[in-house]
Amino acid sequence: MDENPWLVVGLGNPGPGYAGNRHNVGQMALDELARRIGAPFKSQKTNATVAEGRLSGQGPRVILAKPNTYMNVSGGPVAALMRFYKLEPSNLIVLHDELDIPFDSIKLKIGGGHGGHNGVRDIAAAIGSPEFVRVRIGIGRPPGRQPAADFVLKDFSSDEKKVLPNLISDAADAVEQVAGESLTAAQLRFHTASPAD
């Protein structure tokens, strides 16, 4: 199990102006994982900031990474990280926001289409494979006729912020379960409320 660490990538846009956006919820979950393993983020030559440690103390080794690029061009840093650590797509977990899943829900999958998510699309193109685990963090659809592009670049509402810590904790739990047990075990746990997908 210890031969190959897991590369866990949180997607988002760089800089404090974007930090609270719905689009950055993947990086919020990554921050929670870094807190759990007690590791600070440090600059790395792959154009990403990285924190390394073990899940649950003696659990699997993880490399937590935030690309320094904007969301839509996340693939370059992810591909560079995978080359640097000599990892295959099967050891990659990507945390990202998902419009097609209700807010406060988590879904997990491996492979398949990108569902219009440009960050996921760019990673699959850059590493030459869609076969990596995605922890899809539900942010729901925008209200009324608000364009999705505007919706994802806004901060969570005051009501959403009340339950956001639970959603972030669930996403971090999902990563721990995928890495420590299996994708199937995590799917069984997080898909029970809504078995579809």
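Ala, Val, Leu, Ile, Met, Phe, Trp, Tyr, Cys and Pro count as nonpolar; Asp, Glu, Lys and Arg count as charged; the others, Gly among them, count as polar. The exercises below concern a predicted model.

**Exercise 1. Describe the lining of the largest pocket by residue class and by source.**

Step 1. Start with the volume. The largest pocket has about 250 Å³.

Step 2. Take the lining. It consists of 14 residues. His23, Leu99, Gly116, His117 and Asn118 lie nearest the pocket centre.

Step 3. Sort by class. Four lining residues are nonpolar, six are polar and four are charged.

Step 4. Assign the elements. Strand 5 (92–98) and helix 4 (148–152) each give two or more residues to this lining. Helix 4 contributes the most, with three residues.

**Exercise 2. Work out the strand order of the sheet and find which strands stand at its edges.**

Step 1. Write the order. The seven strands run 2-3-4-1-5-7-6 in an open sheet. The pairing is mixed.

Step 2. Read off the ends. Strand 2 (42–44) and strand 6 (106–110) are the edge strands. Each has a single partner strand, so one side of each lacks a neighbour in the sheet.

Step 3. Neighbouring strands are turned by 30° against each other on average, direction ignored.

Step 4. Check one pair. Strands of a sheet pair through backbone hydrogen bonds, either parallel or antiparallel. Strand 1 (residues 6–10) and strand 4 (residues 61–67) pair in the parallel sense, over four bridges. Within strand 4, leucine 64 is the bridge partner of valine 8.

Step 5. Helix 6 (residues 183–190) lies across strand 6 and strand 7 (133–138). Its direction is at about 150° to strand 6.

Note on methods. Residues numbered from 1 in each chain as written. Predicted model: local features only at pLDDT ≥ 70, side-chain atom pairs only at ≥ 80, totals over all residues. Heavy atoms only, no water. Pairing = 2+ DSSP bridges. Axes fitted to C-alpha atoms, helices over the stretch in contact; angles between N-to-C directions. Contact = heavy atoms within 4.5 Å. 1 Å grid on protein atoms, 1.4 Å probe; cavity = no way out; pocket = protein on both sides within 12 Å on 5 of 7 lines; lining within 4 Å. Points joined across faces, edges and corners; volume = space filled by probe spheres on them.
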